[in-house]
Amino acid sequence: MPEQLLPTTVVGSYPQPEWLVDFSVLKAQTVPRVRVKELWRVPEPFLEQAQDDATLIAIRDMERAGIDIITDGEMRRESYSNRFATALEGIDVDTPAVVKNRAGVDTVMPRVVGKVRRAGPVEVRDMEFLRRNTARKAKITLPGPFTMTQQAKNEFYKDQDELAMDFAVAVNEEARALQAAGADVIQLDEPWLRNDPDGARRYAIKAINRALDGITVPTVIHLCFGYAFLVSNKPTSYFFLS
């Protein structure tokens, strides 16, 4: 397809259909940090096929809308971060921690109990499926190392900085595999940079650079001020950017 002066893409996830996801389960909790298998309406033997079908719907909708850089819609995810984070070694999701967030709400999150490592491909099949089903440029997303560090209870590393760098290594290994699988653009989701600007200034850029080391396709960092229906007092700027 011809190059566009201002190519278009989607930033967040595409709406998952109600025949795939039980929204009453999702609304009953905060954004999932551990796995929430009861979220899926389709039983396990048929879940992957159902997620593929939903992904095809998202791809075709984006193509019909004229989007230039297509994503898979993130149809296979319970949240933007938990699918990748909980697939890593060193993460305990069977006995998660309960931590109060900044709003004082109890949040269930995975515990870091060992060295964080990528055990194997997590989203490579997703990228291969996307690449087979669109002739347009394709983008795949990964949770960023800083955000995953903020969303886990560290019970192994001496500090958050060290944990973030091992998350970054795992992200980099996956990103390299996604690039080899045909990704034209790779996006890191780092919404939690706004939650801890001091930590962001201290080690986020170093971790993000490590996560993208050796990636030669265009890369994107997705920042945000939180979900519109959840955040009432939004900041007016990203204080760490300067």
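In this predicted model, three strands form an open sheet in the order S2-S3-S5, and their pairing is mixed. At the edges lie strand S2 (89-100) and strand S5 (153-154), each of which pairs on one side only. Strands of a sheet pair through backbone hydrogen bonds, either parallel or antiparallel. Here S2 and strand S3 (residues 106-117) run antiparallel and are joined by 7 bridges; within S3, Thr107 stands opposite Val99. Helix H6 (residues 160-180) packs on the sheet, where it touches S2, S3 and S5. The direction of H6 makes about 70 degrees with that of S3.

Several residues of H2 are buried, among them Leu47, Ala50, Ala54, Ile59 and Met62, along with Gln51, Asp52 and Glu63. The cover over the buried residues of H2 includes strand S1 (69-70) and helix H4 (124-132). Just after H2 comes Gly66, whose phi is positive, at about 85 degrees.

The largest nonpolar core can be explored next. This core has 55 residues, and Leu20, Val116, Met127 and Ile186 have the most contacts inside it. H6, the helix that packs on the sheet, gives the most to this core, with 8 residues.

Key. Residues are numbered from 1 along each chain as its sequence is written. This is a predicted model: local features need pLDDT of at least 70, side-chain atom pairs count only at pLDDT 80 or more; totals for chains, interfaces and linings use all residues. Side-chain values use heavy atoms; hydrogens and water are left out. Two strands pair if DSSP finds at least two bridges between them. Helices (H or I, at least four residues) and strands (E, at least two) are DSSP runs, numbered from the N terminus. Contact means heavy atoms within 4.5 Å. Axes are lines fitted to C-alpha atoms, for helices over the stretch in contact, and angles run from 0 to 180 degrees between N-to-C directions. Buried means under 20% relative accessible area, exposed over 50%, partly exposed in between (1.4 Å probe, protein chains only). A nonpolar core is a set of buried Ala, Val, Leu, Ile, Met, Phe, Trp, Tyr and Cys residues joined through side-chain atoms within 4.5 Å.
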